[in-house]
Amino acid sequence: MNGAVKLTQPLPGVACLQMEDRAGGNTFTQALVCGLVDGLRQAQQDPATRVIVLHGYDSLFCAGGTLEELVDIADGRRSFDEGAFYRLLLDCPLPVIAAMQGHAMGGGLVFGLYADLLVLSRESLYGANFMKYGFTPGMGATDLLPRKLGPLLAAEMLFSARSYHGQALADRGLACPVLPRAEVVPHALGLARDLADKPRVALMRLKEALNAPLLASLPGAVERERAMHEETFAQEGVRQRIQQRYGN
């Protein structure tokens with residue numbers, strides 16, 4: 001484990017991972033990625049762990065790819081699916097609750113949506129902002145977002161690249177708790193307490209069953225997204241849009 005991700009056990013059977021890479025602003029820095037991989041592995045290897053809660057710090061959950069990562073993809077030096085990091089929460093055998101107490105943008109939103117249960121905050125911003133830069137979504141977003149957010153809202157978010165307050169998403173019928181920021185992590189821990197009361201093997205088998213449709217369709221979606229990336233990242237001006245609009 002490194003300082004970018006902290007692992008605690010706040011309740012019996014509950015592991016809590018906090019993303020706190022302040023230097024990197026909770027983007028997918030090497031420190032954050034390695035911390036998440038190590039933290040999830042340690043949590044699931046503990047036979048006492050039955051559920052994992054993931055959250056960020058202050059008003060930030062996760063901000064997605066770094067500028068360097070996006071430029072590397074534009075230049076053909078890497079692809080979003082290398083190492084399958086983007087689906088880390090989906091591949092974790094134990095149920096994961098994403099307590100998205102802070103802003104979640106682009107890949108940060110998609111990463112969190114791979115959790116089994118979600119809690120959002122009213123004040124925070126959530127956006128699938130890939131198209132802001134002129135390239136199409138990746139990380140399985142074209143399959144995952146319609147499943148988690150509903151097809152029309154997902155299409156609007158993906159096409160427009162707008163950011164939405166959690167309250168606005170709740171008003172649109174989002175089917176997960178959307179609470180004041182201060183209540184998000186406590187609420188998620190309450191859900192985790194309920195899950196931790198159940199047998200570990202039963203939780204694992206139920207997660208497999210509930211995710212079976214996504215697991216079956218995701219490889220095809222990722223293949224389509226990779227093909228779209230080859231075309232859209234290569235368009236004139238995309239690399240410049242990334243450099244000019246990143247962080248704005």
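The largest pocket of this predicted model holds about 670 Å³ of space, where a pocket is an open set of points on a 1 Å grid over the protein atoms alone, at which a 1.4 Å probe fits, with protein on both sides within 12 Å along at least five of seven lines. The volume is the space filled by probe spheres set on the points, which are joined across faces, edges and corners. Of the 34 residues that line the largest pocket, F28, G64, G65, T66 and E69 are the closest to its centre, a lining residue being one with an atom within 4 Å of a point. Helix α2, residues 67–74, gives the most to this lining, with 4 residues; helices here are DSSP runs of H or I with at least four residues, strands are runs of E with at least two, and both are numbered from the N terminus. By class, the lining of the largest pocket has 16 nonpolar, 13 polar and 5 charged residues, with Ala, Val, Leu, Ile, Met, Phe, Trp, Tyr, Cys and Pro taken as nonpolar, Asp, Glu, Lys and Arg as charged, and the others, Gly among them, as polar.

The second largest pocket has about 310 Å³ of space and is lined by 14 residues, of which A115, D116, K207, L210 and N211 lie nearest its centre. Helix α9 (200–232) and α5 (141–149) each supply at least two residues of this lining, and the largest share, 6 residues, comes from α9.

Because D116 lies in the loop between α4 (107–113) and β7 (117–121) and K207 in helix α9, the pair ties together parts that are 91 residues apart in sequence. K207 is buried at 6% relative accessibility, whereas D116 is partly exposed at 24%; buried means under 20% relative accessible area, exposed over 50%, and partly exposed in between, with a 1.4 Å probe and protein chains only.

The count of salt bridges comes to 14. Among them, R77 and D72 meet at 2.6 Å, N to O, with R77 exposed at 53% and D72 buried at 10%. Both residues belong to a network of salt bridges that links D72, D75, R77, R78 and R239.

Residues are numbered from 1 along each chain as its sequence is written. Local features need pLDDT of at least 70 and side-chain atom pairs count only at pLDDT 80 or more, while totals for chains, interfaces and linings use all residues, and side-chain values use heavy atoms, with hydrogens and water left out.

Key:
Salt bridge = Lys/Arg side-chain N within 4 Å of Asp/Glu carboxyl O.
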